[in-house]
Amino acid sequence: MILEGKKRVWNEYQKEIADDKYFYARSCIRQNFFPGAEKTFLQIMRNELGKEVYDDPKHTTCTGIAYHTDIIPLETIMTVVARQFSLMSESGYENYVPSCITSFGIYTEILELWEHNPELEEKARDFLYKSTKREFKKPKNLAHASDVIFKFRNEIAQKAKHRLVNCNTGEPLRVIEHIGCHYARMFPHKGVGGAEYPYVLAGLAESFGGEVVDYPERRTCCGFGFRQYLVQANRGYSVACSKRKFESMAPFNPDVIITNCPGCPYFLDRWQYVISEMEGKIYGQNGHGIPVLTFEELAGLMMGYNPWDIGLQMHQISIEPLLDKIGIEYNMHNKYCDAEGNFMGKPEIPELVKFY
Amino acid sequence: MKETEKHILIVGAGPAGIEAAEHLSDLGYQISIVEKDEAIGGKLNNWHQLFPDHRPAKEVLSHLVNKLPKNVKFYLNSTVTKTIKEENLFNVEINGKTKIQCDSILLTVGFDVFDARIKEEYGYGIYDNVVTSADLEHIFNQNNKILTTQGKIPKKIAFINCVGSRDEKVGNLYCSSVCCVTGVKQAIEAKQMAPDAEVFMFYMDIRMYGRFYEDLYLEAQEKYHVQFIRGRLSEVAELQDGSLLLKADDTLAGCPIKVHADLVVLLIGFVPAASCNSLSKMLNIECAKDGFFAPCDVHIDRNSTGTEGIYMAGACTGPKNLEASLADARSAALKIHYHLVHGKATNLINELS
């Protein structure tokens, strides 16, 4: 591996990321799959970095999944996107930050579409006005939430209590970075580091002292792929896709997988359990599977946030082996308690994957 | 004015420039050659053996250079920085200082090779054992053997065709015409140097248009057992031992495949020389949509430009093999001779007007 070659590629794909006053658009699925992740993002941005982030309760889904599965037409999604932008304009913000990678891809695609086809933008403005009497300005800056965390990675790392280093050996932890397909594949120059060697998560992992692992199926989809999961009959493709990735990364002995798309951590996490049940195959070390984190969860953990406060008990693959390696203390008694300390009940223990 | 008093400036001292210089000198003209590199010979300097007969490139280069008359004046490490035409004469500035006057200009600036780093997914410049066809000629020249960067004889070698050619993604729609035969030649040479190696070639179409090229293709299959796989490479990844994993399509079998290789050779195509763009602006010469110089007429006048007194030859008007470049250079020499003898332009534009 010639690191200079990678650095050259990274240098070619720089993007402008606003440094304050963000309009935050939550993800439909991230809130459900890993509900602590977005809270952690807001906490880091507001409390640790002192940034202004507006979390507007009036915004809706971007309808990206419906668009990519051909359930709604282009005109509908353009109008919904136009409404999201109108909420941003009305609240006085210009920097749009979606939590979801699919949404980020949708906003990027539609802004490009309007750039090249102004008549479509006029159409969207017309539809929005007729249906809601709203008007909008296009964002001055569009960046995914992981771009924003990347921008401030060194500041976060300076404030961090932990590092991605094995506390017993002093060796850097081996990190698999998985980038959502819609982050830069369509528009490589809209992603930090481009599409082939994205740097957005690699840079984050490096700033925390981790060692990024390049493995052959790095670019392969996590397994979500919309139609291959949403159409129930196709779910075999989804599991097979994830399995291909696990098989490819396993020889590199990764300590953790980090992701920036809301769907990817879900599938890379849950399908490890499914594959263990289907085939008796368990990846990772000591029968525990490979822990999977979102970028917000990773940053939150490094900042020293309580793993259970940021929702890591919602992961199918136990996160504790990773916490032990880093040297993060945790209280098992609080794992399944809510914010008031009430016991919420325990999940059913899987048969094969070892579970804490 | 006698021919001996007339002066022709040739821009580019590759095979086409040298060939034209020899013929124009024989016709009695004074010749100056401006060459951007420190040596003459162009890319032939870096080539090991030529297709289709594995003739040493140095042999052909020596032949070309030895024929050059002694009175040819060279400006090495030099570029044309300014040109002003006054009636039938060109006042040319070289390297921003030296000024010469000439009666005609011949452009033989050749081509650049495609920068394989643009195909990021192939990992050139990132993975140690991904090399280009130009690199492989250099490796052959240096060692006369084929080795990985770990210094081992490769057990599996994969050649990848059409890197930077016929590729809409990088904006090059044209075929570079010589990559197929170069790859087949190099695959045979690789097998001769590493007889136990398995050699694969990924291709879209094998375009063996030249005389005896098809023979070479058959020889590669029958004698050297090179395996030709019809399908484009999707991506390359590096494994822990420095070997490579290739993902590709086999379009004849109709399935995606994975192939391990110790060495990957990217058969890079032609791109217009960097100087094409600047010279076209300076001399008011058109470039075609592929970026190479546009001939006055693609069928019947390939050497004339739209500007009287300025001609062109070789790969600056599009990908060509060596013999086509040399023939083109001779054709241009004759064209310039007619122009200077008759004292008027003979290009098609003027004939038609």
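With a relative accessibility of 14%, A:H59 is classed as buried (buried, under 20% relative accessible area; exposed, over 50%; partly exposed, in between; 1.4 Å probe, protein chains only). The structure is a predicted model, in which local features need pLDDT of at least 70 and side-chain atom pairs count only at pLDDT 80 or more, while totals for chains, interfaces and linings use all residues. Residues are numbered from 1 along each chain as its sequence is written, chains are lettered from A and ligands numbered from 1 in the order in which they are written, and side-chain values use heavy atoms, with hydrogens and water left out. A:H59 belongs to the loop that runs between β2 (53-55) and α4 (64-68) of chain A (helices, H or I, at least four residues, and strands, E, at least two, are DSSP runs numbered from the N terminus). Apart from its neighbours within four places in sequence, A:H59 is in contact (heavy atoms within 4.5 Å) with A:Y24, A:A25, A:R26, A:R83, A:Q84 and A:L87.

**Fold of chain A.** Chain A contains 16 helices and eight strands. Along the principal axes, the C-alpha atoms of chain A fill a box of roughly 60 × 50 × 45 Å. Of the 356 residues of chain A, 59% are buried. Among contacts in chain A with a separation of 6 or more, 75% come from residues 24 or more positions apart.

**Interface between chain B and chain A.** The contact involves 18 residues of chain B and 20 residues of chain A. The two chains bury about 1,600 Å² between them, with 45% of this area on carbon and sulfur atoms (accessible area, 1.4 Å probe, that two parts lose on being put together, summed over both). On the side of chain B, B:E120, B:I126 and B:Q240 lose the most area to chain A, together 38% of what that side buries.

Three salt bridges are counted between chain B and chain A (a side-chain nitrogen of Lys or Arg within 4 Å of a carboxyl oxygen of Asp or Glu). One salt bridge joins the side chains of B:K247 and A:E217, at 2.4 Å from N to O. Eleven residue pairs, both at pLDDT 80 or more, are in polar contact between chain B and chain A (N or O atoms within 3.5 Å; within protein, one must be able to donate a hydrogen and the other to accept it, and residues adjacent in sequence count only if both atoms are side-chain atoms). In chain B, β15 (233-238) and β16 (244-250) are the elements that give two or more residues to the side touching chain A. The most is given by β15(B), with four residues. This side of chain B divides into six nonpolar, three polar and nine charged residues (Ala, Val, Leu, Ile, Met, Phe, Trp, Tyr, Cys and Pro count as nonpolar, Asp, Glu, Lys and Arg as charged, and the others, Gly among them, as polar).

**The pair B:E121 and B:K169.** The side chains of B:E121 and B:K169 form a salt bridge of 3.2 Å from N to O. B:E121 lies in the loop between β10 (111-113) and β11 (130-132) of chain B and B:K169 in the loop between β12 and α4 of chain B, so the pair ties together parts that are 48 residues apart in sequence. B:E121 is buried, at a relative accessible area of 7%, whereas B:K169 is exposed, at 62%.

B:K185 makes a salt bridge with B:E137, their closest N and O atoms being 2.7 Å apart. B:K185 is in helix α4 of chain B and B:E137 in helix α3 (residues 133-143) of chain B, so the pair ties together parts that are 48 residues apart in sequence. B:K185 is buried, with a relative accessible area of 0%, and B:E137 is buried, with a relative accessible area of 0%. Elsewhere, A:E196, A:E217, A:R219, A:R244, B:E235, B:K247 and B:K258 are joined into one network by salt bridges that share partners. Over all chains, the whole structure holds 46 salt bridges.

**Backbone features in loops of chain B.** The peptide bond from B:F51 to B:P52 is cis, its omega being near 0°; B:P52 is in the loop between β3 (49-50) and β4 (55-56) of chain B. B:N77 has a positive phi, near 50°, in a residue other than glycine, and is found in the loop between β5 (73-75) and β6 (80-86) of chain B. For B:R166, also a residue other than glycine, phi is positive and near 50°; B:R166 lies in the loop between β12 (156-163) and α4 (179-193) of chain B.
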